[in-house]
Amino acid sequence: MKMFPQDVTQTPGEYAMFMVLGVHDGSGVFEKVKNLCGGLAAIVRSMRNRFPDLEISCVMGFGSDAWGKLFPEQPRPKELAVFQEIRGDKHTAVSTPGDLFFHIRAKRMDACYEVAAMISDALNGATSHIDEVHGFRYLDSRAIIGFVDGTENPENDDRRAFAVIENEDAYFTGGSYAFVQKYLHDMQAWNALSTEEQEQAIGRRKYNDLELGDGVKPKNAHNAVTNIADADGNELKIVRANMAFANPSKGEFGTYFIGYAATFSTTRKMLENMFIGEPAGNTDRLLDFSTAVTGTLFFVPASDLLEELGE
Ligand code: HEM
């Protein structure tokens, strides 16, 4: 049984690079990917040794098709499938392709780049670019829309309990489901709202991040629709590590959403509440100003399984 998760419970960090790649078919290709599975931990270990203060980490994940192709001898994680798009009357959570996923975090962008460069070198000729986003911690951990992001994330031991597979799928203990979406914000429309209207969309105060009281918080506030519980009333959470990104001269302002979960069904339920609404029609007000342009599910094996996959 594999025990040691990759760095899925870390805080979002100061800088992050998100890379989504496609894997080519052809001879020698799978060997390159597998060599990296076996060697990634050593790359990160070396970087941490060289720069002990930079909190460097790298998570590697696999899309559903790639998992089957690369590791036909392996069982399939219970919830690993191509993300099925969620189409509501007003908003759609699109599904976009991705074979390999890397989430690189560090206190300095050059350290993220260094890890990314070594990964790209190891995969040279075996993969193609699908998406790459360079995120930064914005002010006091705010999303680019100006609100503090991450406050209600689980803490301490709860982080592992919500992000890492335990008994749900014995063979894959220590694994996690990473779901990512690149969102673009209509900042003109968002900034045309009053601060009070923005606060009603998020469900928290903008300046001091205090949660709006039940009597004040609208049912379609972002933190109302994503607040979910199981049949016994226990809150269900995921570990989010969103990052802001922007290319201001292009008019591009975004949030790279990433949620790690022990069960993808938890993330999916939140998405359904946002995009379809519960009841249907009660869609997330934040989506009136935010468009998901990607959406991909990856499986993140435990670090010891990842190393074994390289053998
Ligand atoms: C446009 C992209 C998004 C932005 C800018 C955003 C931003 C925020 C902000 C500012 C908060 C309040 C502070 C906090 O508790 O973290 C929040 C809460 C939350 N968000 Fe998001 N979010 C986005 C997408 C998503 C998605 C796609 C999901 C789930 C699939 C999600 C799940 C949650 C959850 C579970 C909470 C905490 C709710 C609670 O208070 O119980 N978010 N988000």
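Residues are numbered from 1 along each chain as its sequence is written. Because the model is predicted, local features need pLDDT of at least 70 and side-chain atom pairs count only at pLDDT 80 or more, while totals for chains, interfaces and linings use all residues.

User: Which residues come nearest to the ligand?
Analyst: A residue is near a molecule if its C-beta atom, placed from the backbone, lies within 6 Å of it. Helices (H or I, at least four residues) and strands (E, at least two) are DSSP runs, numbered from the N terminus, and those giving two or more residues to the shell are strand E7 (176–185), helix H7 (222–225), strand E12 (252–261) and helix H8 (264–275). Of the 25 residues around the ligand, the nearest are Glu152, Asn223, Thr226, Asn227 and Met270.

User: How many residues of the shell around the ligand are nonpolar, polar and charged?
Analyst: Ala, Val, Leu, Ile, Met, Phe, Trp, Tyr, Cys and Pro count as nonpolar, Asp, Glu, Lys and Arg as charged, and the others, Gly among them, as polar. By these classes the shell around the ligand has 10 nonpolar, 11 polar and 4 charged residues.

User: Which residues touch the most other members of the largest nonpolar core?
Analyst: A residue is buried if 20 or more other C-beta atoms lie within 10 Å of its own, exposed if 12 or fewer, and partly exposed in between, with C-beta atoms placed from the backbone. A nonpolar core is a set of buried Ala, Val, Leu, Ile, Met, Phe, Trp, Tyr and Cys residues joined through C-beta atoms within 7 Å. In the largest one, which has 85 residues, those touching the most other members are Val115, Ala163 and Ala178, and the largest share of this core, 8 residues, comes from strand E1 (residues 15–23).

User: Why is E1 largely enclosed by the rest of the structure, and how many of its residues are buried?
Analyst: Two strands pair if DSSP finds at least two bridges between them. E1 pairs in the antiparallel sense with strand E5 (residues 100–106) over 7 bridges, and E1 also pairs in the antiparallel sense with E6 over 9 bridges. Val20 stands opposite Asp131 in E6, whereas the bridge partner of Leu21 in E5 is Leu100. E1 is largely enclosed because the number of its residues that are buried is 8 of the 9.

User: Which residues of helix H6 are buried?
Analyst: On the other side of H6 (residues 195–202), Glu196 and Glu197 are exposed. The cover over the buried residues includes helix H5 (187–192) and H7. The buried residues of H6 are Gln198, Glu199, Ala201 and Ile202. They lie on the same side of H6 because the arc they cover around the axis, taken from the directions from the helix axis to the C-beta atoms, is only 155°.

User: Is Asn156, with its positive phi, buried or exposed?
Analyst: Most residues other than glycine have a negative phi. Asn156 has a phi near 50° and lies in the loop between strand E6 (127–136) and helix H4 (157–163). With 8 C-beta neighbours inside 10 Å, Asn156 counts as exposed.

User: Where is the peptide bond that is cis, with omega near 0°?
Analyst: Most peptide bonds are trans. Pro279 is found in the loop between H8 and strand E13 (290–292), and the cis peptide bond runs from Glu278 to Pro279.

Definitions and conventions. Two residues are in contact if their C-beta atoms, placed from the backbone, lie within 7 Å.
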